[in-house]
Amino acid sequence: MRKPIIAGNWKMNKTISEAVSLVNSLKGLVVNTTDVEIIVAPSYISLSAVADAIKGSNIKLSAQDMYWEKNGAFTGEISPLMLKDTGCQFVIIGHSERRLYFAETNETVNKKVKSAHEYSIRPIMCVGEKLEEREAGTTKDIIKDHVINGLSGLTEEQMLATVIAYEPVWAIGTGKTATPDQAQEVHGFIRELISGIYSPSIADSVIIQYGGSVKPDNIAELMAKPDIDGGLIGGASLDAESFAKIVNYKA
Ligand code: PGA
């Protein structure tokens, strides 16, 4: 049985004090949640303060990106060593906003995914097609390209520790969620790809999240699909009550 992982990607929102206040409110609302792994991904500058605030709670910490080198002359970048030191157990890699605005490619995604594993940080690798790609009927080609190239060279153990987030770009921040059937079709396809590269039993254990306009009122129908194992939540994770409702979708 795969334990769902629901992560809040706060993107470039919340000052340090706002981040701490958000996570403090969240803690109380999810204190009894044991059947879902809960993650928050604040901006780099808030990681330490949020790490302190969640000590002893059931909330885990993720960064939103990282560079692949351990240290050196890379002005403005943050390394996996630094993330590990801050208490990050997860890191989001290859979010479509990074692919779109910051020149992230499958190659850099793959370097980051491998580097995260070297520091035992679990990468949440994002994949997903743009609207024009869906309309052109190339969704599966794009997903295959992102999955195969992003995961290239991972050991079985690293594959098992990798989380994949399927995020159709047209559904992110638009209020247009993929229907549960549309999402399931791609999730099933991703699992088949992993099965082909690794094995059916490994594919069966990998967590595949859905992301893109997930809200308290659509999470349950998405989670009801056999290959959807959690969510990567943007806008709705910026409010403690709405994120808690998503995390507690079974309640
Ligand atoms: P959204 O963002 O929930 O605001 O659509 C999801 C994401 O980008 O991870």
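**Pockets and a cavity**

Author: Helix α4 (residues 96-101) gives the largest share of the lining of the largest pocket, three residues. Helices are DSSP runs of H or I, at least four residues, and strands are runs of E, at least two, numbered from the N terminus. The model is predicted: local features need pLDDT of at least 70, side-chain atom pairs 80 or more, while totals for chains, interfaces and linings use all residues. Numbering starts from 1 along each chain as its sequence is written, and side-chain values use heavy atoms, without hydrogens and water.

On a 1 Å grid over the protein atoms alone, a pocket is an open set of points with protein on both sides within 12 Å along at least five of seven lines; in a cavity a 1.4 Å probe fits but cannot get out; lining residues have an atom within 4 Å of a point.

The largest pocket has a volume of about 400 Å³. It has 14 lining residues, with Lys 11, Met 12, Gln 64, Arg 98 and Phe 102 closest to its centre.

The second largest pocket has about 220 Å³. Its lining holds 13 residues; Arg 99, Gly 128, Lys 130, Glu 133 and His 146 lie nearest its centre. Here α4 and α7 (139-150) each supply at least two.

One cavity of 30 Å³ or more is counted. The largest cavity has about 40 Å³. Its lining includes Gly 94, His 95, Arg 99, Gly 128, His 146 and Glu 167. Two or more lining residues come from each of α4 and β5 (122-127).

Notes:
Points joined across faces, edges and corners; volume = space filled by probe spheres on them.
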